[in-house]
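Please look over this model with the points below at hand.

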Amino acid sequence: MSDMSLYLAIALLPLAGSLLAGLFGNMIGRAGAHTVTILGVAISAVLSGYVLWGFIDGSRTRFDDNAYTWLTMGGIEFSVGFLIDTLSAMMMVVITSVSLLVHIYTIGYMHDEETGYQRFFSYISLFTFSMLMLVMSNNFIQLFFGWEAVGLVSYLLIGFYFKRESAIFSGLKAFLANRVGDFGFLLGIGLVLAYFGGSLRYQDVFAYLPNVVGMKIFGSADLITVTCLLLFVGAMGKSAQFPLHVWLPDSMEGPTPISALIHAATMVTAGLFMVSRMSPIYELSTTALSFIMIIGAITALFMGFLGTIQTDIKRVVAYSTLSQLGYMTVALGVSAYSIAMFHVMTHAFFKALLFLAAGSVIIGMHHDQDMRHMGNMKKYMPITWITMLIGNLSLIGTPLFSGFYSKDSIIEAVQLSHLPGSGFAYFAVLASVFVTAFYAFRQYFMVFHGKEKWRELPEHHDDHHDEGHHHGLGKNDNPHESPLVVTIPLILLAIPSFIIGYIVIEPMLYGDFFKGVIYVNNEIHPVMEHMKEEFHGPVAMLSHSLHSPVLYLAIAGVLSAWFLYIKAPHLPAKIASAFSPIYKLLDNKYYLDIIYYNVFAKGSRALGTFFWKVGDTAIIDNGIVNGSAKLVGAVAAQVRKMQTGFIYTYAAFMVFGVLVLIVAFFWSLWFQ
């Protein structure tokens with residue numbers, strides 16, 4: 001098999017499964033739908049692993065070629081092509097492996113769904129294809145196609161329960177928030193096309209960069225900085241950075257498997273991947289990097305605060321995703337692209353694990369998602385308990401776990417940075433360590449320890465989100481462990497959540513894994529060089545953590561959660577009451593939803609009404625269109641009166657015309 005055939009197979013097999021399940025779902029049935037989609041993604045995952053292993057053992061080299069040119073316009077080619085190197089190969093493995101486990105898990109999770117089973121498998125397989133096209137692209141047009149495709153499919157998945165009003169609203173919210181980011185992204189691509197050599201192929205754009213260094217647009221604005229910021233606006237939408245983060249928590253309206261797929265390995269990492277791929281451009285703008293770092297720091301800290309008051313088990317994990325995306329973005333800002341992508345990889349495994357474990361708990365609770373109704377679940381769901389504990393330990397950066405190596409590396413990189421705003425960023429990521437540990441183990445203790453609180457509730461409570469099922473356990477009901485089709489993916493995700501960081505940190509961050517793929521100007525941004533000098537192996541990193549405030553902040557967060565939710569469970573309500581203004585601020589998510597709705601939604605409606613009534617109706621319809629017709633009619637009515645049919649009238653007009661000509665003649669002579 002040629003390289004091109006191999007890469008086409010990796011990308012198109014999930015698409016083939018999606019089409020079969022979507023178009024012929026009724027013919028092949030539920031079993032047929034999940035079989036063809038799982039088979040397509042499984043083969044794609046195996047082939048992606050084969051490609052990555054080729055780069056690791058040195059038998060495979062960088063591939064950059066076009067498969068098909070679908071349009072040539074003005075000398076510019078718009079092509080479908082693949083750029084396969086270590087960065088894209090790593091992303092391909094992460095996307096397909098997590099997607100495969102989500103597909104398998106979905107069989108158990110969606111087992112009781114009466115309708116939409118085949119449709120859901122079609123959607124998640126199409127989502128996988130879209131993300132693969134994004135990370136495998138060798139040009140901006142194909143990147144934008146994958147970018148928009150994952151946005152479209154995420155809209156369909158978030159609004160999967162389309163008869164539920166909240167799901168419709170959440171899907172629309174995600175779609176609109178991403179359109180804001182995509183508008184900036186499209187403008188950035190437009191600047192690339194206009195000024196960077198007239199090509200949209202990455203290699204051509206990067207080769208042309210020396211010709212645009214120092215170029216100004218819009219008066220005194222630096223072209224590269226403006227381009228970088230506009231492209232990053234797109235990343236802010238896709239990767240849910242403040243203030244375009246508002247859609248991500250509401251994406252919990254979709255079924256739990258898609259929450260794992262969106263939040264772990266696919267859509268939210270698209271912006272991070274894009275910035276890493278564009279590192280040759282971003283390294284030319286310290287201003288853009290500083291902006292990226294500050295936005296990431298704000299997201300990491302302030303989204304973490306929101307996770308501390310959530311009661312929905314999935315929303316806690318959703319806000320942890322926002323916070324961790326902030327960490328990755330901070331790493332991009334300090335030119336530690338390899339560390340950002342390292343955290344993308346480790347986060348993909350432990351975050352998918354946390355979401356799927358949360359889904360397992362929800363199954364055990366008969367689709368009750370409220371943590372206030374849970375407690376002592378470890379007694380009834382031991383596999384879910386231990387795997388979710390592993391996920392949380394990795395999330396908070398516990399030494400030996402995968403999240404420790406990537407998260408601590410980000411914090412160290414920020415500490416070594418001297419970019420404007422790096423002091424605030426360091427404080428934010430350091431404070432987020434405590435916040436993350438607190439909300440992660442607040443969730444853990446509320447769910448798996450303490451009293452069995454569902455036994456104290458009225459029968460068949462229904463005050464939480466549903467997925468079309470009867471909610472909650474009765475007073476005499478016991479939770480049960482999920483079936484193997486659910487727990488096996490949890491176990492398989494728990495393994496890399498524990499060991500993958502230790503294995504890959506050295507080659508990925510300080511070896512040649514990203515050599516020639518990610519570009520860093522070490523003279524201007526020497527963070528990675530300094531870290532390489534100070535790195536003495538993953539074991540030494542463990543011993544170094546004992547002298548770092550990071551470990552002790554994490555321990556303090558865990559102990560605080562234990563004290564408040566196990567030892568003194570009456571205190572959180574008193575604290576919330578004592579600090580009610582702060583609690584209200586967090587409960588209303590900093591009022592951003594209210595501001596956006598009243599300013600942009602209502603404001604755009606008022607603006608639209610103004611343009612409709614004043615611009616369209618009054619000026620265009622009544623003024624220009626109907627007004628011109630009325631003016632012509634009025635003039636014609638007066639001119640028509642001159643047509644009397646009498647000879648003496650016409651003779652008078654002739655004499656008047658002659659007099660006008662004589663006057664004009666003598667007037668011209670007078671002024672010569």
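1. Terms and model. Helices (H or I, at least four residues) and strands (E, at least two) are DSSP runs, numbered from the N terminus. The model is predicted, with pLDDT of at least 70 required for local features and 80 or more for side-chain atom pairs, while totals for chains, interfaces and linings use all residues. Residues count from 1 along each chain as its sequence is written, and side-chain values use heavy atoms, without hydrogens or water.

2. Tyr590. This residue sits in the loop between H24 and H25. Its phi is positive, about 60°, though Tyr590 is not a glycine. Most residues other than glycine have a negative phi. Tyr590 is buried, at a relative accessible area of 17%. (Buried is under 20% relative accessible area, exposed over 50%, partly exposed in between, with a 1.4 Å probe and protein chains only.)

3. Phe218. Here too the residue is not a glycine, and phi is positive at about 55°. Phe218 belongs to the loop between strand S3 (216-217) and strand S4 (221-222). Is Phe218 buried or exposed? Phe218 is exposed, with a relative accessible area of 70%.

4. Cis peptide. Phe242 and Pro243 are joined by a cis peptide bond, with omega about 5°. Most peptide bonds are trans. Pro243 falls in the loop between helix H8 (223-238) and helix H9 (247-250).

5. Largest pocket. A pocket is an open set of points on a 1 Å grid over the protein atoms alone, where a 1.4 Å probe fits, with protein on both sides within 12 Å along at least five of seven lines; lining residues have an atom within 4 Å of a point. The volume is about 1,100 Å³, taken as the space filled by probe spheres set on the points, which are joined across faces, edges and corners. The lining has 31 residues, and Thr308, Ile309, Arg442, Tyr565 and Pro572 lie nearest the centre.

6. Its lining. Which helices supply at least two residues each to the lining of the largest pocket? They are helix H14 (313-333), helix H18 (422-448), helix H22 (549-567), helix H23 (571-578) and helix H24 (580-587). H24 gives the largest share, five residues. By class, 19 lining residues are nonpolar, four polar and eight charged. (Nonpolar is Ala, Val, Leu, Ile, Met, Phe, Trp, Tyr, Cys and Pro; charged is Asp, Glu, Lys and Arg; the others, Gly among them, are polar.)

7. Second largest pocket. The volume is about 550 Å³. Of its 14 lining residues, Lys173, Leu176, Tyr596, Tyr597 and Phe600 are closest to the centre. Helix H6 (165-195) and helix H25 (592-640) are the elements that give two or more residues. H6 gives the most, six residues. The lining holds twelve nonpolar residues, two charged and no polar.

8. Strand S1 (residues 63-73) and S2 run antiparallel, joined by nine bridges; strands pair if DSSP finds at least two bridges between them. Thr69 has Ser79 in S2 as its bridge partner. Two residues lie between the strands, and Gly74 in this hairpin takes a positive phi near 60°. Strand S2 (residues 76-84) is mostly covered, with seven of nine residues buried.

9. Record. An unreviewed UniProt entry annotates residues 70-121 as "domain: NADH-Ubiquinone oxidoreductase (complex I) chain 5 N-terminal". UniProt positions follow the numbering used here, feature names are shortened, and annotations may be inferred rather than shown by experiment. In the model, residues 70-121 are 56% helix and 25% strand, with the end C-alpha atoms 30 Å apart.
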